[in-house]
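Hi,

Here is the structure I promised to pass on.

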Amino acid sequence: MAAGGLSRSERKAAERVRRLREEQQRDRLRQVSLILRKAAVERSAEEVRLLAESGDLVTELQGRSRRREGLKRRQEEVCDDPEELRGKVRELASAIRNAKYLVVYTGAGISTAASIPDYRGPNGVWTLLQKGRSISAADLSEAEPTLTHMSITRLHEQKLVQHVVSQNCDGLHLRSGLPRTAISELHGNMYIEVCTSCVPNREYIRVFDVTERTALHRHQTGRTCHKCGAQLRDTIVHFGERGTLGQPLNWEAATEAASRADTILCLGSSLKVLKKYPRLWCMTKPPSRRPKLYIVNLQWTPKDDWAALKLHGKCDDVMRLLMAELGLEIPAYSRWQDPIFSLATPLRADEEGSHSRKSLCRSREEAPPGDRGVPLSSAPILGGWFGRGCTKRTKRKKVT
């Protein structure tokens, strides 16, 4: 006899019985599922009897169906009709005028107008992957700050927005002219690499995507610090990682801003990641003392029930109406005035071949009228880079 008092043959027989029961249960589940798909008037007497005898299975299958439908509804994009949206924008404008400390949380939805895919929209990265479809890498060197980015910058200039907390890595807030101190890029910036051996950490802003060689838990970019020679790393925080860099994540400023906020405006974020950061929602405060929440998103978010107002619209459409309601002009983006060119550190001669990503460039046509005739050697832009779509960096002549 084996342990448990059963012989080997008895255990095998018991296993066969168990498998038979499981198969019968699966067959019954399939039968009930097929019957439930039929209209009640189309079910035979035998099928009605089977449903009556399978109450637990019917309850389980109906619960699954409700969950599937709920998930499907959450993934659907909903648009307010134009008149309703205008009314909501007027309410949002009033809230912004009356806010004492407004913080803006932004997600991938504010960059879709720049041809950067979001994650959970109908054509988002995660949505397509879940459907088994392949995704192509976007050329982010062609992306420019959107109307929403430029509107946020103007609102900050007017002291209507105090701080911006972004999940995006595309660097477009920086390129829109928003001051570094006013941005917390919680998941990093694709244009910034850092030396963590230097104290404080030494930043290198580049005019190309520095993440060419990096990935989850592998952050070295292949270049070295100009000061100490240590390996540089990117600033990206991947899923499953915890961001520890001071800049550009700027968590200290984000937490401080959240603690002072009386109003939070969420633009283009599903909030499925941000909701996991309790420090951003003042959850230690009683509900009556938490900031009023306003959400602009086409899809459901887990914070909808907490929101004072939910606007179902594209970010650019909402911001265009909002800025008109506030009587503010939206500045046009100019690559000539893009601060990344003045902030960037040029590559050294031995680093010229360290990347193959397309570099950002500026053309003479974008220059202010008085600067279009400036010689290439003395043009006030990094490395003398002109021409849209340029892939090669030309060395700037030394001016004596």
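**The sheet and its strands**

Strand β4 (residues 192-195) pairs with strand β7 (residues 231-234) in the antiparallel sense, over two bridges. Keep in mind that this is a predicted model. In that pairing, Glu193 sits opposite Asp234 of β7.

Those two strands belong to an open sheet of four, in the order β5-β4-β7-β6, with antiparallel pairing. At the edges are β5 (202-205) and β6 (220-224), each of which pairs on one side only. From one strand to the next, the twist averages 35°.

Where does UniProt put the "binding site" feature? The record, an unreviewed entry, places it at Cys195, Cys198, Cys225 and Cys228. These positions span 34 residues in sequence, yet no two of their C-alpha atoms are more than 8.7 Å apart, so they gather at one spot.

I looked at two of them in detail. Cys195 is part of strand β4, and is buried with a relative accessible area of 0%. Leaving out residues up to four places away in sequence, Cys195 touches Asn201, Arg202, Cys225, Cys228, Ala230 and Leu232. Two cysteines from the UniProt feature, Cys225 and Cys228, are therefore among the contacts of Cys195.

Cys198 sits in the loop between β4 and β5. Cys198 is buried too, with a relative accessible area of 9%.

**His187**

UniProt also has an "active site" feature, again from an unreviewed entry, and places it at His187. That residue lies in the loop between β3 (183-185) and β4. Is His187 buried or exposed? At 11% relative accessibility, it counts as buried, since the cut-off is under 20%. Setting aside neighbours within four places in sequence, His187 is in contact with Ser166, Gln167, Cys169, Thr235, Ile236, Val237, Val273 and Tyr277.

**Helix α6**

Why can helix α6 (residues 147-157) be called largely enclosed by the rest of the structure? Nine of its eleven residues are buried, which is the reason for saying so. The buried ones are Leu147, Thr148, His149, Met150, Ser151, Ile152, Thr153, Arg154 and Leu155.

As for what surrounds them, the buried residues of α6 pack against both strands and helices: β1 (102-106), β2 (163-166) and β8 (263-267), plus α7 (172-175) and α9 (315-326). Just after α6, have a look at Lys159, which takes a positive phi of about 65°.

**Helices α1 and α2**

Last, a helix pair. Two packed helices are described by the angle between their axes and the distance between the axes. For helix α1 (residues 8-36) and helix α2 (residues 45-53), the axes come within 10 Å and cross at roughly 120°. That makes α1 oblique to α2. The contact draws on Arg28, Gln31, Val32, Ile35 and Leu36 from α1, and on Glu47, Leu50, Leu51 and Glu53 from α2. As for handedness, α1 passes α2 in a left-handed crossing.

Best wishes

Key:
Residues numbered from 1 in each chain as written. Predicted model: local features only at pLDDT ≥ 70, side-chain atom pairs only at ≥ 80, totals over all residues. Heavy atoms only, no water. Pairing = 2+ DSSP bridges. Axes fitted to C-alpha atoms, helices over the stretch in contact; angles between N-to-C directions. Buried < 20%, exposed > 50% of the residue type's maximum accessible area, 1.4 Å probe, protein only. Contact = heavy atoms within 4.5 Å. UniProt positions renumbered as here; feature names shortened; annotations may be inferred. Parallel < 35°, antiparallel > 145°, perpendicular 65-115°, else oblique. Left-handed = near helix turned anticlockwise from the far one by under 90°.
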